[in-house]
Amino acid sequence: ELVKNEDLDILEDLGAGNGGTVTKVWNRKRNCVMARKLILVDAKPSVRKQILRELQIMNDCASPYIVGYYGCFPVDVHVGVVMEYMDAGSLDHIYRKNGAVPITVVGKVAEAVLRGLMYLYDVHRIIHRGLTAADIKPSNILVNTAGEIKICDFGVSGELINSIANTFVGTSTYMSPERIQGAPYTIKSDVWSLGISLIELATARFPFMDPPDSSSEADEEADEDRTEHDPNATLPLSTQRPKLDKKPSRGEAKGERRRSRGVSLGGGGHTMSILDLLQHIVNEPAPRLTGRRRSFPKEAELFVEGCLDKDPGSRKSPQELLASDWITKSTVTVDELKKWATSIAPAKAT
Ligand code: ADP
Ligand code: MG
């Protein structure tokens, strides 16, 4: 039997994102903790009903790599979705609080995300319903102290995606070059998003962010891989875009540019404007898993390179990636994942 809103007592806020707020709740009927997401849905009653119907697909999703689903219901202007509570939280919170995720654990994250994606594609054919399948980014990859890593927030409801305001900004930063240019969604788009997410976790830094000030102790590599910006390059995104300013060249007026035009994306301190960022993704070489201060295993670098091929035709498939050395030669055990997750999990309040 599906969960009802009346059964839930609010415990604490877990976070808020685009069009949603997530709360840790206590289910009185079942005597256990769950996570409830409230999504503000700007739609008429018939569309709401359609959304609630579409979300029922989640009932049939059962995989160790997919966050469990317990039910959904209307809550005044919101749609409520109740899911499994993941007690070590999302990977964006984890790396912001604890610094870069150990590269061996990042390998396990890669494996879990790929297995979750393959489950959605193969078992549920979510992609063939014509819906956006997954929104792979660190905040949608959750961890628990049982050492499990799972994905959430994949778009099973096309109506829901249409009804959430502001979706564009929140999801576009992990968007592949071909999708920015208007190509239809494919499995390969999620592989790109995975590659970007893996670099972010391994370096504790969103790879497209402006390089940190040299004075800052913050994380990582500066702009060694950045190429000069071509002011004549065009962004084939839409014919009605505002004219982009010429970017200052490397090293010039960085602070000023940040102050005057920087837009913070996704709350993560990403300081490129959204149009700069989209243009960068389309026109510049893809980021790589390298760092000045850290070095990563060759197999990890190759894996990420396979995810971040700008041409979706030659970009690796989930199957190929799962067969790569970084994944097959991993020696990380569930016990080690448990230990890591327990060491970074927020202290138990209840
Ligand atoms: P976003 O994914 O864009 O950050 P969401 O509204 O989807 O925004 O989620 C907000 C936050 O709530 C996430 O960043 C995550 O830390 C937390 N969260 C979401 N779902 C769960 C869950 N099932 N268990 C624990 N924490 C969760
Ligand atoms: Mg989310």
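This is a chat about the predicted model shown above.

Visitor: Before we start, what are the ground rules on numbering and confidence?
Guide: Residues count from 1 along each chain as its sequence is written, while chains are lettered from A and ligands numbered from 1 in the order in which they are written. The model is predicted, so local features need pLDDT of at least 70 and side-chain atom pairs count only at pLDDT 80 or more, whereas totals for chains, interfaces and linings use all residues.

Visitor: OK, ligand 1. How many residues surround it, and which are the closest?
Guide: There are 24 around ligand 1, and the closest are G15, G17, G20, S90 and S139. A residue is near a molecule here if its C-beta atom, placed from the backbone, lies within 6 Å of it.

Visitor: Which element gives the largest share of that shell?
Guide: β1, with four residues. At least two residues each come from β1 (8-17), β2 (20-27), β3 (32-40), β5 (78-84), β6 (89-90) and α2 (91-98). Those labels are DSSP runs numbered from the N terminus: helices are H or I with at least four residues, strands are E with at least two.

Visitor: And by class?
Guide: The shell has 10 nonpolar, 10 polar and four charged residues. Ala, Val, Leu, Ile, Met, Phe, Trp, Tyr, Cys and Pro count as nonpolar, Asp, Glu, Lys and Arg as charged, and the others, Gly among them, as polar.

Visitor: Let's do strands. How many bridges join β2 to β3?
Guide: Eight, and the two run antiparallel; strands pair if DSSP finds at least two bridges between them. T23 stands opposite R36 in β3. The hairpin of β2 and β3 has four residues between the strands, and N31 takes a positive phi near 55° there.

Visitor: What about β3 and β5?
Guide: Also antiparallel, joined by seven bridges. M34 has E84 of β5 as its bridge partner.

Visitor: And where does β6 stand in its sheet?
Guide: That sheet is open, with three strands in the order β6-β7-β8 and antiparallel pairing. β6 and β8 (149-151) are at the edges with a single partner strand each, so one side of each has no neighbour in the sheet. Between β6 and β7 (residues 141-143) there are two bridges, and G89 sits opposite V143 in β7.

Visitor: Switching to the inside: which residues touch the most other members of the largest nonpolar core?
Guide: M83, V109, V113 and L198, out of 70 residues. Helix α3 (residues 103-124) gives the most to this core, nine residues. Such a core is a set of buried Ala, Val, Leu, Ile, Met, Phe, Trp, Tyr and Cys residues joined through C-beta atoms within 7 Å. Buried means 20 or more other C-beta atoms within 10 Å of the residue's own, exposed means 12 or fewer, and partly exposed is in between, with C-beta atoms placed from the backbone.

Visitor: What is L198 in contact with?
Guide: Beyond its neighbours within four places in sequence, V106, A110, L289 and V304. Contact is C-beta atoms, placed from the backbone, within 7 Å. Another core lies apart from the largest one and has six residues, among them F208, M272, L277 and I281.

Visitor: Last one, α1. Which of its residues are buried?
Guide: In α1 (residues 45-55), I51, L52 and L55. They cover an arc of only 95° around the axis, which puts them on the same side of α1; the arc is that of the directions from the helix axis to the C-beta atoms. S46 and R53 are exposed on the other side. The buried ones pack against β4 (69-75), β5 and α4 (158-163).

Technical notes:
Two residues are in contact if their C-beta atoms, placed from the backbone, lie within 7 Å.
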